[in-house]
Amino acid sequence: MDSIYFVVALGAVVAGFVQGLSGFAFGLVAMSLWAWTLEPRLAAVLAVFGALTGQIIAAVTVRRGFDARRLWPFVLGGLLGVPLGVLLLPRLDVEGFKGVLGTLLVLWCPAMLMAKNLPRITRGGRLADGVVGLAGGVMGGMGGFTGTLPTLWCTLRGFDKDVQRAVIQNFNLSMLAVTMGTYVATGLVTREMLPLFALVAPAMLVPVLLGARLYTGISEARFRQIVLGLLTVSGIVLLASSLPQLAARWA
């Protein structure tokens, strides 16, 4: 049992720092450590709780670039997409979906990292932003991938780092609040989980604040490298989790 507490605390510390620095990716980092030790449902609930806690802390400490008019299409689309994703989940080939998304991220994000001039999408306006938010919400309902497409979209939009962080940070905050509320309402959060909640929150507090403090000093180029690097890692994790199951089907 002591080893479980240690792993949970370590995951919260490392993931909290990454989230404070980048504005997202708590679940990605934490699950890479927790998935080896914790029962999947417990790990998923803790990841959502930790990500929500970190987003609240980060939203309070890093408020530059916030623009409600730019944010609302993403949030509105995401709120519509979450229940749609939950509805589609029983009918979806989740492993195939992970494989396609992981391949896209692994191929596209490194190419963007190496490009001297990133491509920019300037057309579509708020409608396109809302559609991307909808896609993010659907992906969140299907498996917790809420921020992946909106983060990539904001990079392609060419938003400066403060605007991009504000959009993704507050979009994820909204989606995570809905998800956590759903977990509580459906009984996924149990009394036995509360001691681990009480461990995660203080363990990640200082790392989130430290990451947020470092964020304010990094350049636009460095921030994009961090974001694209994390999206690449996300793609690798998705492929690593899906390819064994897909290979077993084809064997």
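Val 167 is in contact with Arg 70, Leu 71, Phe 74 and Cys 154, leaving aside its neighbours within four places in sequence. Contact here means heavy atoms within 4.5 Å. This is a predicted model, in which local features need pLDDT of at least 70, side-chain atom pairs count only at pLDDT 80 or more, and totals for chains, interfaces and linings use all residues. Residues are numbered from 1 along each chain as its sequence is written, and side-chain values use heavy atoms, with hydrogens and water left out.

- Val 167 sits in helix α8. Helices (H or I, at least four residues) are DSSP runs numbered from the N terminus, and strands (E, at least two) are defined likewise.
- Val 167 counts as buried because its relative accessibility is 4%. Buried means under 20% relative accessible area, exposed means over 50%, and partly exposed is in between (1.4 Å probe, protein chains only).
- Val 167 and Leu 71 are 96 residues apart in sequence, yet their C-alpha atoms are 5.6 Å apart in space.
- Asn 170 also has its place in α8. At 15% relative accessibility, Asn 170 is buried.
- Setting aside neighbours within four places in sequence, Asn 170 touches Ala 59, Phe 66 and Leu 71, by the contact rule.

**Helix α7: a covered helix**

- Helix α7 is mostly covered, with nine of its ten residues buried.
- The buried residues of α7 include Pro 150, Trp 153, Cys 154 and Arg 157.

**Helix pairs with α10**

- The axes of α7 (residues 148-157) and α10 (residues 220-250) come within 11 Å and cross at roughly 145 degrees. Axes are lines fitted to C-alpha atoms, for helices over the stretch in contact, and angles run from 0 to 180 degrees between N-to-C directions.
- α7 passes α10 in a left-handed crossing. A crossing is left-handed if the near helix is turned anticlockwise from the far one by less than a right angle, and right-handed if clockwise.
- From α7, the contact uses Thr 148, Thr 151, Leu 152 and Thr 155; from α10, Arg 224, Val 227, Leu 228, Leu 231 and Ser 234 take part.
- By class, the contact of α7 with α10 has four nonpolar, four polar and one charged residues. Ala, Val, Leu, Ile, Met, Phe, Trp, Tyr, Cys and Pro count as nonpolar, Asp, Glu, Lys and Arg as charged, and the others, Gly among them, as polar.
- The axes of α8 (residues 161-185) and α10 come within 10 Å and cross at roughly 35 degrees.
- Lys 161, Gln 164 and Arg 165 of α8 meet Glu 220, Phe 223, Arg 224 and Val 227 of α10.
- The contact of α8 with α10 divides into two nonpolar, one polar and four charged residues.

- Trp 34 is found in helix α2 (residues 26-34). Trp 34 is buried, with a relative accessible area of 0%.
- Trp 34 and Gly 11 are 23 residues apart along the chain, and their C-alpha atoms are separated by 6.7 Å.
- Leaving aside neighbours within four places in sequence, the contacts of Trp 34 include Val 8, Phe 26, Leu 46 and Val 200.
- The side chain of Trp 34 reaches the backbone oxygen of Val 7 at 3.2 Å.
- Gly 27 is partly exposed, with a relative accessible area of 24%.
- Gly 27 and Gln 55 are 28 residues apart in sequence, with C-alpha atoms 12 Å apart.

**Transmembrane regions in the record**

- An unreviewed UniProt entry places the feature "transmembrane region" at several spans, among them residues 196-215 and 227-248. UniProt positions are given in the numbering used here, feature names are shortened, and annotations may be inferred rather than shown by experiment.
- Residues 196-215 are 100% helix and 0% strand, and their end C-alpha atoms lie 28 Å apart.
- Residues 227-248 are 100% helix and 0% strand, with end C-alpha atoms 32 Å apart.

How values were computed. Polar contact = N/O pair within 3.5 Å; in protein donor to acceptor, adjacent residues only side chain to side chain.
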